[in-house]
Amino acid sequence: RLCQDILVMDAWAQQSCIDVLLRYCRLFFACPDRRPRDSEGDAPPAGVPEDLASFLKSLKLLLTSSSKGVTVAAVVALCYLAPSEELKGVITPWLRCLRQAPVESAQSLLVAFMPIVEAR
């Protein structure tokens, strides 16, 4: 239910909910790159739990949020949870946040993404 309700929450609540659900998913679901993919593309593979698929769908919708904090939280969560072939969709929202960020925030934004970039 949180995966559906996250879209109508305030920005601060969305960030907190993404953090909680990210921790839950990393703890209870397997690495996304280790499971086989269907050839259909949009349909999740047979082994993907329904709640994980719902959370990933909500995260993709939150990439267009007007709040930079929500967008960054969604990008980070997708980088950790989504399969590698789906990560192309996070580059544009991340660059939008980087472009709109003040100079003093841009460096910390880049530092926050370094572990993700190094891991991939």
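Trainee: Which residues of helix 5 are buried?

Mentor: Pro93, Trp94 and Cys97 are the buried ones in helix 5. Keep in mind that this is a predicted model.

Trainee: And where do the buried residues sit, seen down the axis of helix 5?

Mentor: They fall within an arc of 100°, so they line one face of helix 5.

Trainee: What about the face turned away from the buried side?

Mentor: That face of helix 5 carries Thr92 and Arg99, and they are exposed.

Trainee: At what angle do helix 4 and helix 5 pack?

Mentor: About 140°, with the axes 9 Å apart. Helix 4 covers residues 68-81, and helix 5 covers residues 91-100.

Trainee: Is the crossing left-handed or right-handed?

Mentor: Left-handed.

Trainee: Which residues make the contact?

Mentor: Helix 4 brings Lys68, Thr71, Val72 and Val75. From helix 5 come Pro93, Trp94, Arg96, Cys97 and Gln100. Pro93, Trp94 and Cys97 are the buried residues named above.

Trainee: How does that contact split by class?

Mentor: Five nonpolar, two polar and two charged residues.

Trainee: Switching to the whole chain. How many helices and strands?

Mentor: Six helices and zero strands. From the N terminus, the order is α-α-α-α-α-α.

Trainee: What share of the chain is buried?

Mentor: Buried residues are 38% of the 120 residues.

Trainee: And the accessible surface, how much is there?

Mentor: About 7,600 Å² for the chain, with 58% of that belonging to carbon and sulfur atoms.

Trainee: Last one. What share of contacts comes from residues 24 or more positions apart?

Mentor: 59%, counting contacts in the chain with a separation of 6 or more.

Note on methods
Residues are numbered from 1 along each chain as its sequence is written. This is a predicted model: local features need pLDDT of at least 70, side-chain atom pairs count only at pLDDT 80 or more; totals for chains, interfaces and linings use all residues. Side-chain values use heavy atoms; hydrogens and water are left out. Axes are lines fitted to C-alpha atoms, for helices over the stretch in contact, and angles run from 0 to 180 degrees between N-to-C directions. Helices (H or I, at least four residues) and strands (E, at least two) are DSSP runs, numbered from the N terminus. A crossing is left-handed if the near helix is turned anticlockwise from the far one by less than a right angle, and right-handed if clockwise. Contact means heavy atoms within 4.5 Å. Ala, Val, Leu, Ile, Met, Phe, Trp, Tyr, Cys and Pro count as nonpolar, Asp, Glu, Lys and Arg as charged, and the others, Gly among them, as polar. Buried means under 20% relative accessible area, exposed over 50%, partly exposed in between (1.4 Å probe, protein chains only). The arc is that of the directions from the helix axis to the C-beta atoms. Accessible areas come from the Shrake-Rupley method with a 1.4 Å probe; for residues, only the protein chains shown count as cover.
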